[in-house]
Amino acid sequence: MRIDLHTHSNVSDGTEAPGAVMASAAAAGLDAVALTDHDSTAGWGEAAEAARALGLTFVPGMEVSCRTDNGISVHVLSYLHDPAHPGLLAEIAKSRSARVSRAERMVERLAEDYPISWADVQEQVAPGATIGRPHIADALVAAGVVPSRSAAFAGILTGRSRYFVAHYAPDPAHAVRLIRDAGGVPVFAHPEASARGRVVGEQTYLEMIDAGLAGLEIEHRDNPEDGRTYLRRLAAEHSLLVTGSSDYHGTGKPNLLGENTTSAEVLERIAEVGTGTPVVRP
C-alpha cells in the first residue's frame with residue numbers, strides 16, 4: 001500500500017477542497033490518505049465521502065499548532081481523535097481565534113509598506129476556513145508583491161520579519177495529552193525542520209513522550225538527513241511509530257502527494273490505538 005498521512009485542504013491552508021485532495025491522492029496512486037488540516041476537522045465529511053467513491057482508505061486527522069514556552073513552533077498530527085471532545089475542541093478554538101487576530105495585526109503592519117488590506121486577504125480564504133499566514137501570502141502574490149507563497153514565507157512573512165506577530169498556541173505536551181484524552185494518536189510533524197525556524201531540544205521530545213506521544217514524522221522533505229538519523233534513534237529508544245508524508249498543500253507548496261509514505265503496518269497500529277473515530281475503509 002502507498003500511504004500518505006499528512007495533507008491539507010482549503011479548510012486550512014491548502015488550495016484544493018477536501019474532496020479534490022482525495023481525487024488528487026487517487027490520481028497519484030495512493031491507497032490511503034489522511035486529511036490533516038490545521039486545527040480543524042471540518043473537511044472530514046467531504047473527504048470521507050470522496051474517498052469511499054474513489055476506493056481510498058481515509059484516515060481522519062488534524063494538525064494541532066503548538067508553541068513551547070521559549071517560542072518554538074511545534075506541530076502535532078492527531079489521528080482518529082473524537083472531533084467532539086470538549087477539551088481538544090476548546091483548545092483549538094482558542095488557537096483559531098488567536099490566529100485570526102494575529103493575522104489582522106500582521107496585515108496592519110504590512111499595509112504600511114505594501115498594497116494589501118484585510119479585504120484582500122479575506123478574498124483568499126475558502127468559506128469556513130481560518131485565516132492564517134498562507135492566506136496573507138496569497139494576497140501578496142495577488143498584489144504582485146511576491147511571485148509565490150514560498151517566496152512570501154522566505155522573506156516578508158518569515159518569523160524573523162518585522163511584520164511577524166506571534167499568536168497563542170498550546171504547549172506541545174499539553175496538546176499530546178489532549179489528543180490522547182480524545183482517543184487520538186499524536187505524531188510529531190516534521191520535528192527537525194530547521195529551515196522553517198528553530199527546532200526543539202531533546203527535553204521537549206521527552207516531555208511529549210512522557211505525555212503520550214505515539215510517533216515521529218521522520219520521512220518529510222523538511223527534515224534534513226542528520227535530523228532523520230537523530231529521529232530514528234529517538235524512535236527506536238522510545239518505541240515510537242515512524243511515519244512518512246508529503247505535507248501536501250495543492251499548489252500552495254511544491255510538496256507532491258506520495259513523495260514520502262508510511263508503511264501499512266504503522267497505519268494498522270494507528271488504527272488499533274485510535275479510539276475516537278475510525279479509519280474509513282472503502
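**Figure 1. Packing of helix H1 against helix H2.** The axes of helix H1 (residues 18-27) and helix H2 (residues 44-54) cross at roughly 30 degrees and come within 7 Å. Helices are DSSP runs of H or I with at least four residues, strands are E runs of at least two, and both are numbered from the N terminus. Axes are lines fitted to C-alpha atoms, for helices over the stretch in contact, and angles run from 0 to 180 degrees between N-to-C directions. The model is predicted: local features need pLDDT of at least 70 and side-chain atom pairs count only at pLDDT 80 or more, whereas totals for chains, interfaces and linings use all residues. Residues are numbered from 1 along each chain as its sequence is written, and side-chain values use heavy atoms, with hydrogens and water left out. H1 and H2 are therefore roughly parallel to each other (angles under 35 degrees; over 145 is roughly antiparallel, 65 to 115 roughly perpendicular and the rest oblique). The crossing of H1 and H2 is right-handed, a term for a near helix turned clockwise from the far one by less than a right angle, anticlockwise being left-handed. On the H1 side, Pro18, Gly19, Met22, Ala23 and Ala26 meet Glu46, Ala47, Ala50, Ala51 and Leu54 of H2. This contact comprises eight nonpolar residues, one polar and one charged. Ala, Val, Leu, Ile, Met, Phe, Trp, Tyr, Cys and Pro count as nonpolar, Asp, Glu, Lys and Arg as charged, and the others, Gly among them, as polar.

**Figure 2. Packing of helix H7 against helix H8.** Helix H7 (residues 172-181) and helix H8 (residues 202-211) have axes 8 Å apart and pack at an angle of about 20 degrees. H7 and H8 are therefore roughly parallel to each other, and their crossing is right-handed. Pro172, Ala173, Val176, Arg177 and Arg180 in H7 meet Glu207, Met208 and Ala211 in H8. By class, the residues of this contact are five nonpolar, no polar and three charged.

Figure 3. Thr243 lies in strand S7 (residues 241-244). With a relative accessibility of 1%, Thr243 counts as buried (under 20% relative accessible area; exposed is over 50% and partly exposed in between, with a 1.4 Å probe and protein chains only). Beyond its neighbours within four places in sequence, Thr243 is in contact with Leu5, Val187, Leu216, Glu217, Ile218, Glu219, Thr262 and Val266, contact meaning heavy atoms within 4.5 Å.

**Figure 4. Salt bridge between Glu219 and Arg228.** The side chains of Glu219 and Arg228 form a salt bridge, at 2.7 Å from N to O. A salt bridge is a side-chain nitrogen of Lys or Arg within 4 Å of a carboxyl oxygen of Asp or Glu. Glu219 is partly exposed at 22% relative accessibility, whereas Arg228 is buried at 12%. The whole structure holds 14 salt bridges.

Figure 5. In the salt bridge of Arg281 with Glu268, the closest N and O atoms are 3.2 Å apart. This pair links distant parts of the chain, with Glu268 in helix H10 (264-273) and Arg281 in the segment after that helix, 13 residues apart. Arg281 is partly exposed at 41% relative accessibility, and Glu268 is partly exposed at 33%. Arg269 forms a salt bridge with Glu272, and the closest N and O atoms are 3.2 Å apart. Arg269 and Glu272 are separated by about one helical turn because they are three residues apart in helix H10. Arg269 is partly exposed at 41%, whereas Glu272 is exposed at 55%.
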